[in-house]
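Please open the structure in your viewer and keep the selection tool at hand. The tour below moves from one selection to the next and says what is to be found at each stop.

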Amino acid sequence: MSVSRTRTRRDLLLVIAGVREVGILLFIVALVVVVSLRSPYFLTLDNFRDILLDIGVLVIVAIGQTMVILTRGIDLSVGSGLALSGMIVGMTISAHWGIPPLVALAMGIGVGIVLGAFNGLVVTKGNVPPIIATLGTLSVYRGLVFAISGGAWVDAHELPESFKAFAQATPLLIPNLVLIAFLVALIAYYFLNHTRLGREIYAVGSNPLAAQVAGIHVRRVQMLVFVISGALYGMAGVLWVSRYASAQSDSAMGFELQTVAAAVVGGVNIFGGSGTVPGVLLGSLLLGIIINALNLVRISPFWKLAVQGLVILLAVVADALISRRLVRAQAGGEVS
């Protein structure tokens, strides 16, 4: 009887680990019901459109952050890099109104690639732990934003109407920002699950030494994920300026916290090796709903930060508990 119960418990843990996205989705549904009872405006189309626009940028940057985390790293410079890319492109567009939005987007990606490559070089060539390297570039990139702008903003009247309308335009009935975020998620899903490089990212995060023995160039993979992260937050920086019609020196302050939260809440293992793009999408949506709900019920901004931090802690603890139980269950299954 006890053996049967043990096997049942092990199978249940394996099922829970395999359908964690379903659990997040159910939690989102429950949260939507609770918040809609408190605020009728929550279920309006305008509010959901605002939520999707708000999480569009978060999804793009969180996917890059996820790839770094999958290799046992972390990129704390994403918020500063986003602001720097947005400021450079915003200042360029304000001086040259004829630049098309898609060219501006490509410029932002280019700036982000340079910033991401610098992070990658510090980590791979300088042998600096990712958390230390990106903590340093967080300050460096933020300082550069203030240095090149002199602390001034690029206001809405300094940007052409075509650029300001780009993120929220709906040529396919969906805002461009949401559409781009969805395409980025789709490409990232295919890349991580159906390409050799994608599988190498998981292998490096699962066991770097074993990956190296298997012939994977670990340093090259680590460099690659930082470059991808940079390209994505560079793109997001341009979309951010278009969405809010301004480039500000203090844009995306603390945004790195939200990207880590979206990844971890979505089931990405903070110690690398496991996590999915659909999970990150659901994690971003959950955070977007929580932030929106806190705004609707007029919670203090200070408490909003505390709630976000609490969500991260709960997600990390839940992830650690599930992973630990899963390892024990798998070990028990192998023994039996």
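**Where two helices cross**

Select α3 and α13 first: their crossing is right-handed, a crossing being left-handed if the near helix is turned anticlockwise from the far one by less than a right angle, and right-handed if clockwise. Helices (H or I, at least four residues) and strands (E, at least two) are DSSP runs, numbered from the N terminus. This is a predicted model, in which local features need pLDDT of at least 70 and side-chain atom pairs count only at pLDDT 80 or more, while totals for chains, interfaces and linings use all residues. Residues are numbered from 1 along each chain as its sequence is written, and side-chain values use heavy atoms, with hydrogens and water left out.

Stay with this pair, where α3 and α13 pack at an angle of about 135° with their axes 8 Å apart; axes are lines fitted to C-alpha atoms, for helices over the stretch in contact, and angles run from 0 to 180 degrees between N-to-C directions. The two helices are therefore oblique to each other, since angles under 35 degrees count as roughly parallel, over 145 as roughly antiparallel, 65 to 115 as roughly perpendicular and the rest as oblique. Among the residues that meet here are Ile-55, Val-59 and Ile-63 in α3, and Val-277, Val-280 and Leu-281 in α13.

**Into the core**

Now colour the nonpolar residues. The largest nonpolar core has 86 residues, and those with the most contacts inside it are Ile-60, Ile-63 and Leu-82. The largest share of this core, 14 residues, comes from helix α3 (residues 45-70). Such a core is a set of buried Ala, Val, Leu, Ile, Met, Phe, Trp, Tyr and Cys residues joined through side-chain atoms within 4.5 Å, where buried means under 20% relative accessible area, exposed over 50%, and partly exposed in between (1.4 Å probe, protein chains only).

Which residues does Ile-63 touch, not counting residues up to four places away in sequence? They are Val-184, Ala-185, Ala-188, Leu-232, Val-277 and Val-280, a contact being heavy atoms within 4.5 Å.

Although Leu-232 and Ile-60 are 172 residues apart along the chain, their C-alpha atoms are separated by 6.1 Å.

**Along helix α8**

Select residues 176-194, which form helix α8; its 19 residues reach 26 Å from the first C-alpha to the last, close to the 27 Å expected at 1.5 Å a residue, the expected span being 1.5 Å times one less than the number of residues. Its buried residues include Val-184, Ala-185 and Ala-188, and the buried residues of α8 pack against several helices, among them α3, α11 and α13 (277-296).

**A buried loop residue**

Move on to Ala-247, whose place is in the loop between α11 (218-244) and α12 (255-265). Is Ala-247 buried or exposed? Ala-247 is buried, with a relative accessible area of 2%. Its contacts include Gly-86, Met-87 and Val-154, and Val-154 lies 5.0 Å from Ala-247, C-alpha to C-alpha, although the two are 93 residues apart in sequence.

**The whole chain**

Finally, zoom out to see the chain with its 14 helices and zero strands. Buried residues make up 48% of its 336 residues.
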